[in-house]
Protein chains: 2
Amino acid sequence: MHGTKVRVVEDALDANNTIARANRDDFDRHGVAVVNLMSAPGAGKTRLLERALADLPGVRAGVLEGDVAGSFDADRLSLLHIPVTQLNTGAGFGGECHLDANMVRSAIPSLPLDELDLLVIENVGNLVCPAEFRVGEDARIMVCSVAEGEDKPLKYPLMFRACELVLINKIDLLPHLDADVDRLLANLDAVNPGVARMLVSARTGEGVGAFREWLTAVPARVGAAA
Amino acid sequence: MHGTKVRVVEDALDANNTIARANRDDFDRHGVAVVNLMSAPGAGKTRLLERALADLPGVRAGVLEGDVAGSFDADRLSLLHIPVTQLNTGAGFGGECHLDANMVRSAIPSLPLDELDLLVIENVGNLVCPAEFRVGEDARIMVCSVAEGEDKPLKYPLMFRACELVLINKIDLLPHLDADVDRLLANLDAVNPGVARMLVSARTGEGVGAFREWLTAVPARVGAAA
């Protein structure tokens, strides 16, 4: 029975990858670089985007906002006067705990791709399943809040391995936590040695400049800029 | 296609509920009350258990520890000298993001049910799927850290509706956060009006006494005590 289950899961992931490639072709055709932003609930993805996308020099950015329900984050990001599109997994997708390529494909007609250089897809808050489903992105970023504790890379290794950049957020809280950031970084290196990482605080803005530079460079790096 | 998907999901949940009832019968036969403890990653489930189960008067407690990978939390809880059993979803269950009734059923032969009055099942850290799968429990508790922000009940309503008790944890951090705990509680009441809630800090121990009393009363309340 487990063998059957594994095969069904593999078939589903194969089908997902086929659709992800179709998404990627569409993004490439319009010259849009795509970032998949993932984290646990409440790690600070939206607040980081509020900080970083408010002033992204020379790059036209937009957001595809993934949530089970509601449009709370999309409403916040719309205040930046950039294109923001809501994608709810509870609307026709069974309330899934992650975005997959088919959901993102369903949103493509609603995206103003000709007006964008960079699309940030903010995934559902979850450290497990989002890492398993490519959606057609060029790069994957995950945010880990120091308030979640230093053991998270060891407990959710697939997520920490899937990313090109790890943002260690809420460092302004470090004086008030028992968490040891050096041990967190050592645990990160244990599962994804040498992966790019930045220490940031979306609340104070510390380190957000470096993240903004990284985002700004994505279109040129992937050759997507028109 | 969506209709088919919904039917498959409903069938899977029906099958899960059948197995959950079988688990429940086994737990009842041994006079064990069962609590399903859920939260986002890093909300403090394990630390709350370290505090609460260290001194549970008159109740023999044990833990079934659910994780995708590793036994970090089980190792910590074993120091309490109570029975702790590890259940990994990555071992034969495809790395699932939640526990289901079948996984818990597979662990029952490893549980010392005759030695327990109360079994706490610590679920995988995730605010979506764990709420959909009963595992044979008598009560469901969820932990929400104030560091996750005040909007979580609105974004993950199913989880907050599924529980008999909500623990608002890490209140020692409130002076260092922008989070408004009154708004968090109002959002909680918006999705689950009047649900029992406790403000706690697993770090300082504040409020943990009330949680310990609640846990202590579970076996008598559900009539499970031998």
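Tutor: A salt bridge is a side-chain nitrogen of Lys or Arg within 4 Å of a carboxyl oxygen of Asp or Glu. A search of the whole structure on that basis finds 36 salt bridges over all chains. This is a predicted model, in which local features need pLDDT of at least 70 and side-chain atom pairs count only at pLDDT 80 or more, while totals for chains, interfaces and linings use all residues. Residues are numbered from 1 along each chain as its sequence is written, chains are lettered from A and ligands numbered from 1 in the order in which they are written, and side-chain values use heavy atoms, with hydrogens and water left out.

Student: What makes Arg76(A) and Glu50(A) a salt bridge?

Tutor: Their side chains meet at 3.0 Å, N to O, and the cut-off is the 4 Å already given. Helices (H or I, at least four residues) and strands (E, at least two) are DSSP runs, numbered from the N terminus. Arg76(A) lies in helix H3 of chain A and Glu50(A) in helix H2 (residues 45-53) of chain A, so the pair ties together parts that are 26 residues apart in sequence.

Student: Why are Arg76(A) and Glu50(A) called partly exposed?

Tutor: Buried means under 20% relative accessible area, exposed over 50%, and partly exposed in between (1.4 Å probe, protein chains only). Arg76(A) has 29% relative accessibility and therefore counts as partly exposed, and Glu50(A), at 24%, counts as partly exposed too.

Student: Which parts does the salt bridge of Lys155(A) with Asp67(B) join?

Tutor: The closest N and O atoms of Lys155(A) and Asp67(B) are 3.6 Å apart. Lys155(A) lies in helix H5 (residues 152-155) of chain A and Asp67(B) in strand E2 (residues 61-67) of chain B, so the pair joins two chains. Both Lys155(A) and Asp67(B) are buried.

Student: What is known of Asp189(A) and its salt bridge with Arg197(A)?

Tutor: The closest N and O atoms of Asp189(A) and Arg197(A) are 2.8 Å apart. Asp189(A), at 31% relative accessibility, counts as partly exposed, and so does Arg197(A), at 26%. Elsewhere, salt bridges that share partners join Glu50(A), Asp67(A), Asp73(A), Arg76(A) and Lys155(B) into one network.

Student: How do you know that Lys45(B) has no salt bridge?

Tutor: Lys and Arg count as positive and Asp and Glu as negative, whereas His and the chain ends are not counted. For Lys45(B), which is buried, the nearest side chain of opposite charge is Glu122(B), 4.2 Å away, and the salt-bridge limit is 4 Å. Lys45(B), placed in helix H2 (residues 45-53) of chain B, does have a polar contact of 2.9 Å between its side chain and that of Ser39(B). Such a contact is a pair of N or O atoms within 3.5 Å; within protein, one must be able to donate a hydrogen and the other to accept it, and residues adjacent in sequence count only if both atoms are side-chain atoms.

Student: What makes Arg221(A) a charge over the face of Trp214(A)?

Tutor: The rule asks for NZ of Lys or CZ of Arg within 6 Å of the ring centre and within 35 degrees of the ring normal. Arg221(A) lies over the face of Trp214(A) at 4.7 Å from the ring centre, and in chain B Arg221(B) lies over the face of Trp214(B), at 4.7 Å from the ring centre.

Student: Why is His81(A) called exposed?

Tutor: His81(A) has 74% relative accessibility and therefore counts as exposed. His81(A) is found in the loop between helix H3 (72-78) and strand E3 (84-88) of chain A.
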